[in-house]
Amino acid sequence: MSVYNPINTAILTQLTAVVSPANISTAEAERQLRSHDMSQHAPCMSEVVVWPTTAQQAADVLCIANENRVPVTAWGAGSSLEGNPIPLFGGISLSMERMNHIIEVHANDFQVTVEAGLGYKDLNAKLARYGLFFAPDPGANASIGGMLANNAAGSRTVKYGATKDNVLAIEVALADGRLIQTGARSIKQASGYDLLHLFIGSEGTLGVITQATLKLMPVPTVMSSVVATFGTVATAVETVVAIRGSGLDVAALEFIGAKSAAILSREHGLDWGEYPTLLMEIHAAHAETAVLDIKLVREICEELGAIRIHTTTDAAERKQMWTARHHNFETKVRVFPDYKWQLMDIAVPISAYPELIAFISQTLDFYGLEGMMIGHAGDGNLHVEMPYKDEVTRQSTLQANDAIVDKAIALDGTSSGEHGVGIGKAKFMDREHGTAVAVMRELKQTLDPKGILNPGKIFPPKSEH
Ligand SMILES: Cc1cc2nc3c(=O)[nH]c(=O)nc-3n(C[C@H](O)[C@H](O)[C@H](O)COP(=O)(O)OP(=O)(O)OC[C@H]3O[C@@H](n4cnc5c(N)ncnc54)[C@H](O)[C@@H]3O)c2cc1C
């Protein structure tokens with residue numbers, strides 16, 4: 001029996017009074033739309049979708065939900081890959097989509113304050129005229145709140161950090177309806193407990209982020225891309241470690257396995273061929289610096305046996321390459337139309353990257369699986385994409401997934417580099433964090449004693465209630 005109460009007419013009336021009739025819906029189509037993310041996790045419908053348009057409304061909705069013991073699952077853009085925003089226990093899908101404004105650009109401080117529902121691509125489009133950008137870049141047009149809640153990262157994390165490194169302050173609605181601000185606009189902050197980072201990566205289980213002040217970067221004057229192809233995975237991966245070890249401050253350092261390279265180059269009109277490939281980006285303030293950096297990248301790639309090295313500063317060509325990379329998953333879905341996908345996101349210390357990749361190749365062979373590798377190699381992050389059609393193959397992908405995640409943890413890495421825990425990685429939490437999971441549960445209990453915030457996520461099911 002559920003510990004939660006169903007939403008009745010009295011609760012609907014209270015919610016409607018807070019957000020107005022235009023911002024609440026029990027329509028099946030709206031609930032259906034927010035019943036799944038971009039993963040293969042089974043969909044679940046909420047009972048009602050509520051769109052707050054102010055932070056106070058979000059807080060008031062939580063207050064009502066808490067008093068009535070109704071679950072609330074925040075919804076950003078639904079682009080998660082671990083089932084993170086699926087309302088497993090029904091209740092309220094709290095969609096932040098209508099809180100999507102820039103509150104203030106602090107151009108002289110390289111900062112912006114935004115509402116949590118704003119898409120990061122929309123943000124960057126609006127920041128272009130200031131010559132500034134928000135650096136973390138997950139491929140999909142994720143919301144800022146969803147990126148903070150999942151601690152999203154991406155290709156540029158190797159230089160600019162993950163979302164957690166690019167946020168200065170947030171406003172959060174707590175389960176009991178309090179609104180708090182934590183953090184400050186000063187870069188240095190040494191005042192009190194770091195509550196800000198407690199909420200980053202908490203996947204809407206500790207509070208709902210309504211507003212954030214983000215760090216921005218100046219758009220680099222010179223941007224160059226380098227593609228290097230290798231005869232073996234081992235040499236490509238050794239090159240990743242060598243480039244990082246050289247002290248070069250690359251803005252992106254992507255490993256693209258041979259199968260992935262073949263598909264992306266064929267589908268996007270590139271000439272990479274079917275080889276283990278490194279796609280790199282160099283950002284510089286001066287053309288001279290960029291030339292020196294590229295020279296060093298070339299030397300390292302040549303020394304480690306690259307078959308071909310191509311460099312370009314041409315904007316159109318760079319766009320073509322990075323579009324191929326950013327549209328990796330959509331491209332594969334198009335190329336394999338009848339397949340479903342088991343997607344894996346893991347990360348290890350950079351020195352363990354070669355061992356991880358070798359283990360993945362062996363594991364895929366052992367299970368007879370068609371697996372494709374692609375990842376943000378510069379920071380030790382890797383994705384393995386395993387297509388399947390039938391239940392037998394699906395079971396094999398799950399076994400391979402578990403073996404590879406276990407290996408990543410054993411290599412002092414993590415079960416999730418950037419997609420969060422959601423439903424899919426919950427079973428690895430005890431193995432990865434040991435007794436620290438009990439402390440996480442205590443924090444959850446303190447901030448959300450009735451367990452209304454995104455129940456069923458992060459913690460393994462037995463420890464949820
Ligand atoms: C093609 C593709 C490529 C991707 N590439 C990357 C990548 O390179 N790097 C990467 O990190 N991710 C990547 N992702 C995953 C995804 O984009 C990120 O996890 C992103 O952070 C999700 O943001 P969202 O706005 O879609 O959040 P949602 O999926 O809507 O929600 C994410 C989680 O945050 C919670 N939440 C949402 N808004 C709030 C809020 N305001 N306050 C509190 N909790 C909230 C939700 O309840 C849920 O638990 C990719 C996804 C796709 C489909």
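## The shell around the ligand

By class, the shell around the ligand is made up of 18 nonpolar, 15 polar and three charged residues, as seen in what is a predicted model. In total, 36 residues surround the ligand, and the closest of them are G76, G145, G146, A149 and G204.

The element that gives the most is α5, with five residues. Because domain 1 (9-97) and domain 2 (102-218) both give residues to the shell around the ligand, the ligand lies between these two domains.

## The largest nonpolar core

The largest nonpolar core has 59 residues, and those with the most contacts inside this core are V50, L62, L94, I144, L148, I209 and A212. Helix α3 (residues 55-68) provides the largest share of this core, namely six residues. Domain 1 (9-97) and domain 2 (102-218) both give residues to this core, so the core, too, lies between them.

Which residues is I144 in contact with, leaving aside its neighbours within four places in sequence? The contacts of I144 are V114, A116, L118, Y120, L123 and A212. Apart from this core lies another, of 56 residues, which has A228, L364, A400 and V405 among its members.

## An open sheet of four strands

Four strands form an open sheet with mixed pairing, and their order is β1-β2-β4-β3. The edge strands of this sheet are β1 (24-25) and β3, each of which pairs on one side only.

Within the sheet, strand β2 (residues 48-50) and strand β4 (residues 92-95) pair in the parallel sense over three bridges. In this pairing, V49 has S93 in β4 as its bridge partner.

Is strand β12 (residues 222-230) largely enclosed or exposed? Seven of the nine residues of β12 are buried, so the strand is largely enclosed by the rest of the structure.

Strand β12 pairs with strand β14 (residues 277-284) in the antiparallel sense, over eight bridges, and V222 stands opposite A284 in β14. Strand β12 also pairs in the antiparallel sense with strand β15 (residues 306-312), here over six bridges, and the bridge partner of S225 in β15 is T312.

Methods:
Residues numbered from 1 in each chain as written. Predicted model: local features only at pLDDT ≥ 70, side-chain atom pairs only at ≥ 80, totals over all residues. Near = placed C-beta within 6 Å. Helix = DSSP H or I, 4+ residues; strand = E, 2+ residues; numbered from the N terminus. Nonpolar A, V, L, I, M, F, W, Y, C, P; charged D, E, K, R; others polar. Domains from an automatic or database assignment. Buried ≥ 20, exposed ≤ 12 C-beta atoms within 10 Å, placed from the backbone. Pairing = 2+ DSSP bridges. Core = buried A, V, L, I, M, F, W, Y, C linked by C-beta atoms within 7 Å. Contact = placed C-beta atoms within 7 Å.
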